[in-house]
Amino acid sequence: MIRTYATSMIREREYAIVHASPVDSLMKKAAEAVAKGAADSLESAAIPLEDAQVVALVGGGDNGGDALYACAFLQALGAKCACVLLTKSVHERACARAEKEGVDIVCPNLDQRPRAIALSVVKVCRDADVIIDGMLGTGGKGALRNPMLAVVRAVNKMFDQADQAAELSRACDRATLKSDGKASKNFRGRPLVVAIDLPSGIGGDDGAVAGEHLRADKTVTMGGRKPASLLPPACHSFGEHIDVVDLGLELDNPQVCQLEAYDVAQAIFVPSVDDHKYTRGVVQIVAGSGAYPMTGVMCVEAAARSGAGMVRFRGPEDAYLAVLSRIPEAVIQPGRYQAQLIGPGIAPTDRRRVSEAVELAKQSLASDIPLVLDAGALQLFTRIFPSGRVRNNRCVVVTPHAGEAAQLLSELGEGEGRGGISRAEVEEEPYRWAHTLAEITRSTVVLKGAATVIASPFAAHSFGDRIHGIAPESTASKGDGKARTSRSRASQYQTFVGKDAPGWTGTAGAGDVLAGIVTTLLAGAQAREEKLGKILNPGDAAYIAASAVWLHSIAARMACGMMPRVGGVTGDGFAEGATNNVSPMIGAAMSRIGHPIVASDIACHIPYAIEYALASALS
């Protein structure tokens with residue numbers, strides 16, 4: 001499990017260790033990690049260290065000191081380094097060390113107008129292979145201010161121009177590719193950015209982005225991961241790789257977490273010889289209407305392929321043939337079930353279907369059966385819950401995208417007096433609004449997006465421990481985001497993020513597939529609780545929903561060819577090695593880029609995503 005911790009906690013505990021350690025010892029340790037991150041970036045771009053040019057943008061404070069020491073280390077290893085000082089007060093010892101090693105110390109006239117300062121910085125950066133971003137760190141709050149704002153704008157503009165030049169190069173001169181399959185410097189287009197702690201311009205723990213900022217290709221963070229590295233939209237600016245420098249901090253109470261394969265295995269029910277369809281979990285899906293009769297097909301298929309013992313379908317008669325043709329194992333007769341999904345394809349204008357949906361939702365609540373509300377059912381929330389909130393701690397999960405969340409928040413009174421909450425507001429601060437909606441409705445919220453935020457107002461229980469019979473253990477972290485025990489526990493975490501889904505996931509019906517997975521995992525958990533004479537605690541729903549989001553993302557990655565199946569078969573059904581006739585560079589690009597998919601492709605790969613999670617638990 002990847003854990004992130006409040007920046008204030010990390011700073012407080014880091015401060016205590018720094019003052020108990022030899023002078024600059026931790027700063028040098030951090031700088032060595034930054035230097036390694038820069039060297040690794042150069043290696044990935046096939047640029048020898050002795051031929052490389054590295055530029056550090058240096059601000060005040062510890063981040064600036066890290067950047068100066070890092071350039072000193074890289075210069076000693078043969079790179080050509082320059083440090084651009086963007087403040088009149090820099091870390092003196094680090095600056096002296098950099099000068100001693102032969103680093104070029106560039107001191108722009110900071111009394112000039114910001115634009116003039118920025119232009120002088122760009123001249124230094126233009127030929128760089130790597131830019132180390134040491135301008136601002138965890139102490140930065142709000143939007144960037146000049147001269148750093150002007151510098152970031154100018155550097156970003158330089159990047160845009162370099163990327164355009166690279167595109168032209170691709171079109172005009174394919175021969176610039178090296179015969180060994182690696183891209184040349186010119187083909188790559190622009191310098192790689194290695195950020196220290198946080199990309200400059202990203203501040204705070206809520207994932208919001210205040211304005212212009214310098215996007216990183218890699219981030220080297222100190223002491224522990226910060227919430228912004230997981231929370232959208234800021235998380236998209238940290239780069240593909242985040243290296244955590246272990247400073248020996250004892251961190252607890254993580255703020256936001258991301259599940260990994262091993263953790264997801266805890267939410268998957270593996271049946272024994274004593275189990276049957278009812279003990280595995282029966283799902284009921286209420287979907288479709290006169291306007292959208294076939295919507296339930298994706299939900300039923302996803303639920304069936306996620307491990308449900310049985311899937312019941314309640315929808316328009318027009319849809320029965322389509323559902324049974326796709327999943328002949330589906331049941332169209334009413335009966336017992338352990339979790340219910342309501343909403344996909346239910347049009348508010350279809351009064352008969354709306355009345356049926358509301359009545360079935362209330363039946364679930366009266367029977368203490370987990371309830372998932374998606375799509376059309378979100379518009380019925382106040383009819384199902386006239387008070388606007390779930391009563392008596394029932395297990396209810398809502399799965400809106402940003403537009404649906406904005407509509408529901410507005411209906412519940414948020415943004416009153418200014419026309420309610422807009423979709424743009426939710427997209428700018430999904431963490432804030434997911435938690436606001438969870439607190440208002442007293443439900444678990446799965447706010448879907450490129451990075452999906454799962455928020456719950458309930459205290460968690462040791463869900464994973466109960467499933468696997470794991471004895472409670474301490475999970476204090478040393479700051480690297482990994483537990484020090486053999487198992488991670490759900491009992492401490494109620495905010496999760498899922499950010500593994502490729503862009504190809506944004507296709508019609510993908511949300512229906514996710515809703516089907518969520519409901520199936522809830523049904524399996526409810527069935528296990530029923531064996532014990534209990535009902536599923538709503539505090540477990542966030543972990544279960546986060547597991548479903550992970551499975552959905554991995555299934556999508558397998559479907560679009562970005563990730564192989566466990567059994568040695570790629571996501572598009574071809575055996576591994578089928579692309580051996582292409583160059584290594586093209587093969588690597590295929591795994592990064594993928595290809596178009598439809599929602600049913602995701603549903604078909606759910607079993608392989610489950611296999612991957614379970615295999616990770618056994619390895």
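**Exercise 1. List the residues that line the largest cavity of this predicted model, and find the element that gives the most to the lining.**

Solution. 
- Step 1. The lining of the largest cavity consists of Gln258, Leu259, Ile454, Val497, Gly498, Lys499, Asp500, Ala546, Val549, Trp550 and Ser553.
- Step 2. Two or more of these residues come from each of β17 (495-498) and α19.
- Step 3. The most is given by α19, with four residues.
- Step 4. By type, the lining of the largest cavity has six nonpolar, three polar and two charged residues.
- Step 5. The space in this cavity is about 60 Å³.

**Exercise 2. Work out how the buried residues of α22 are arranged around the helix axis, and what covers them.**

Solution. 
- Step 1. Helix α22 spans residues 606-618, and its 13 residues reach 19 Å from first to last C-alpha, close to the expected 18 Å.
- Step 2. Buried, that is under 20% relative accessible area, are Ile606, Ala609, Ile610, Ala613 and Ser616 of α22.
- Step 3. These residues lie on the same side of α22 because they cover an arc of only 125° around the axis.
- Step 4. In an α-helix there are 3.6 residues a turn, so residues three or four places apart point the same way.
- Step 5. The cover over the buried residues of α22 includes α8 (261-264), α10 (296-305), α18 (510-531), α19 (541-559) and α21 (599-604).

Note on methods: Residues are numbered from 1 along each chain as its sequence is written. This is a predicted model: local features need pLDDT of at least 70, side-chain atom pairs count only at pLDDT 80 or more; totals for chains, interfaces and linings use all residues. Side-chain values use heavy atoms; hydrogens and water are left out. The expected span of a helix is 1.5 Å times one less than its number of residues. Buried means under 20% relative accessible area, exposed over 50%, partly exposed in between (1.4 Å probe, protein chains only). The arc is that of the directions from the helix axis to the C-beta atoms. Contact means heavy atoms within 4.5 Å. On a 1 Å grid over the protein atoms alone, a cavity is a set of points where a 1.4 Å probe fits but cannot get out, and a pocket is an open set with protein on both sides within 12 Å along at least five of seven lines; lining residues have an atom within 4 Å of a point. Grid points are joined across faces, edges and corners, and a volume is the space filled by probe spheres set on the points. Ala, Val, Leu, Ile, Met, Phe, Trp, Tyr, Cys and Pro count as nonpolar, Asp, Glu, Lys and Arg as charged, and the others, Gly among them, as polar.
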